[in-house]
Amino acid sequence: MSPATAKRANLAGGAITLLTVICAVIWAFPIYWGIVSSLKPEDEVVRPYIELWPDTLTFEHYWFALTQTQIGTWYVNSIATAVGTTLLTVVTSMFAGYAISQLRFPGRTVLWWLILASFMVPTQVLIINHFVLMANMGLLNTWAGIILPQLIHPVIIIVYKQFFDQVPKDFREAAVMDNAGELAILFRIYMPMNWGVTTALSIVTFIWSWNAFLWPFLAVTKTEMMTITVGITQVWDSFGVYYARQLSAAVLAGLPVALAYLLFQRRVTQAITLSAGIKG
Amino acid sequence: MIRNVRREALVAYVLIAPFVAVYGLIFVYPTIDMFVLSFQDAPLIGPGEWVGVENYTRLPGDRRFDTAVWNTAYFVLLTVVPGMLVALGIALSISRLSGRLQSLVMALFFLPYILPVSVVYRIWDWTLNFQFGIAMHVFDMIGLDRVPIFKITTWFIPAVAFVTIWWTCGFSVLLFLAGMRAIPGEIYEAAALDNTSRWRMFRHITWPLLWPVTALVLTIQLILQLKIFDQVYLFSQGGRPNDNLVMVYYIFQRAFMNDQGGRAAAIAVVLFVMVIAISVLNFQLMRFSDRRE
């Protein structure tokens, strides 16, 4: 390349980079706009022109949401159900993935097919039957009732199986020679090798269950049992038509997952590419 | 090496027991129950009379069912391919960047995917607010009339599709980026030596090598968007839900608002069959294209 064309290519590259950054900023702008609006006094929120930064910065809407509504209770419900769903999903999937990957037992193929089949079934079609089942078991309006139907995550098992499949056979054979039990092999050899995967899968399962809407929305009718994602859309009286209050509640609802993502960015993206079966 | 077959099987059963119990209870049993219920004239909870295929034969003449099917199809049309193209465009621009700038731009595009639907709903309800929404300033600037977007039937599905692409696109971007990283750099270097233009590189290298990822993105999106409910439900509040029905919304309406479990189950079975058919068809297509290569 001659210096002139190289310079032109650099310039064009710089322009494209700038354009990309501008697009990204516009893309995320509604999120910024929501946050900024929640920090403005109510009369400033409804001014008929654009103000990118509040004249008076205020946290009164957050204070209102935290003290005058049941958002605290919803937080507790969300944390309990999301952590419960994550732990149960990851642990049962890890065990099942290990058994299917490393152990030979009658029914193994059938089980594997069942998992692959559940991958295709849209759980949304099962809402009626889940509701009836939970009602019959007396679990509506309980944490268990919110958690149970959310435990269908075949992806997690599939990822675990793939990871356990990749562990070299020598490790296992050496351990068996030493008379190590199966559980010891799982806990001492296979799991420590896969901590990274376990963390990644746990974070995305947590995000998915924190964000779940349809099922928690059906399983709960009592205000004090709602998760935060359902609560902020279902309860109007405590917020009224105050836009800033509603936005501050929304910010509070999105905060934990946004933080989880910003802290564990690499793990989150890893888990998502893994779950789609792509080696990044 | 001799395997202790019986002990191994025993350990395996202990390990899979919790999983099997959960799946039996919340996957296998409800699936069977759904089919059984769809042949009954039953309320949501409680026994019903066996009516054969009546719940199914009533569907074709049902106006709300037609609305639900058409809206679902329309929504899928507006989200799947356009969403894929947007994601591909974003992924291509991100892949050019490097270091801190790349992770920053990636984070900006990806952040919406992390948010709960109710937060996405609040943000866009505010952004597109008829009186105070910042988008209306943009409307004013271009000279469009302000419209209460989510209250007007013609605008509703396109607007929800737009918000959905904004919300879920980050997921597809990630898959595309992972796919691009898997393409060996030497191919581009060789092409660069031949003075190949950017467009030709994309057309003859990136696009064909990305095809498996594209197919994956399209499948995931297709299946995901067929099951749409949350956004439609939330944006319909205070509007005219009956015009905005989609399949899952209609299941919800029949079961939980009209107390007709049997008729709702029949709609659920129809959606179930649609999703399975698409999955199987797609699996066959992928296998076919694999074999051709």
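This is a predicted model: local features need pLDDT of at least 70, side-chain atom pairs count only at pLDDT 80 or more; totals for chains, interfaces and linings use all residues.
**Entry 1: the second largest cavity**

I started with the helices around the second largest cavity. Helix 4 (71-102) and helix 8 (154-166) of chain A each give at least two residues to its lining, and so does helix 1 (5-37) of chain B.

How much space lies in the second largest cavity? I get about 60 Å³. From chain A, the lining has A:Thr89, A:Thr92, A:Ser93, A:Leu151, A:His153, A:Pro154 and A:Ile157.

**Entry 2: the largest cavity**

Next I looked up the largest cavity, and its volume is about 70 Å³. It has 13 lining residues, and those closest to the centre are A:Trp33, A:Lys40, A:Val45, A:Arg47 and A:Tyr49. Which helices supply at least two residues each here? I found helix 1 (3-38) and helix 2 (42-45) from chain A, plus helix 6 (134-142) from chain B.

Charged residues do turn up in this lining: I have 4 of them, next to 6 nonpolar and 3 polar. For the whole model, my list of cavities of 30 Å³ or more comes to 5.

**Entry 3: where the chains meet**

Both cavity linings took me across to chain B, so to speak, and I turned to the interface. On the chain A side, 97 residues are in contact with chain B, and 90 residues of chain B are in contact with chain A. The area buried between the two chains is about 8,300 Å². Carbon and sulfur atoms give 79% of that area.

Then I went looking for salt bridges across the interface of chain A and chain B, and there are 0. I did find 13 residue pairs in polar contact across the interface, counting pairs with both residues at pLDDT 80 or more. Which helix gives the largest share of the chain A side? That is helix 1 of chain A, with 16 residues. By class, the chain A side that touches chain B splits into 69 nonpolar, 23 polar and 5 charged residues.

**Entry 4: the second largest pocket**

I moved from cavities to a pocket. The second largest pocket has a volume of about 800 Å³. Of its 22 lining residues, I wrote down the ones closest to the centre: B:Arg96, B:Tyr188, B:Arg198, B:Met201 and B:Phe202.

Helix 1 of chain A shows up again here, supplying at least two lining residues. Chain B does likewise through helix 3 (63-96), helix 7 (153-181), helix 8 (185-193) and helix 9 (198-226). Helix 3 of chain B gives the most to this lining, namely 5 residues. My class tally for the pocket is 11 nonpolar, 8 polar and 3 charged residues.

**Entry 5: salt bridges**

My last look-up was about charge. Side chains of opposite charge can pair when their charged atoms come close. Over all chains, I count 5 salt bridges in the structure. One I checked joins the side chains of A:Lys161 and A:Asp165, at 2.9 Å from N to O. Where do A:Lys161 and A:Asp165 lie? Both are in helix 8 of chain A, 4 residues apart, and that is about one turn of the helix.

Notes. Residues are numbered from 1 along each chain as its sequence is written. Chains are lettered from A and ligands numbered from 1 in the order in which they are written. Side-chain values use heavy atoms; hydrogens and water are left out. On a 1 Å grid over the protein atoms alone, a cavity is a set of points where a 1.4 Å probe fits but cannot get out, and a pocket is an open set with protein on both sides within 12 Å along at least five of seven lines; lining residues have an atom within 4 Å of a point. Grid points are joined across faces, edges and corners, and a volume is the space filled by probe spheres set on the points. Ala, Val, Leu, Ile, Met, Phe, Trp, Tyr, Cys and Pro count as nonpolar, Asp, Glu, Lys and Arg as charged, and the others, Gly among them, as polar. Contact means heavy atoms within 4.5 Å. Buried area is the accessible area (1.4 Å probe) that two parts lose on being put together, summed over both. A salt bridge is a side-chain nitrogen of Lys or Arg within 4 Å of a carboxyl oxygen of Asp or Glu. A polar contact is a pair of N or O atoms within 3.5 Å; within protein, one must be able to donate a hydrogen and the other to accept it, and residues adjacent in sequence count only if both atoms are side-chain atoms.
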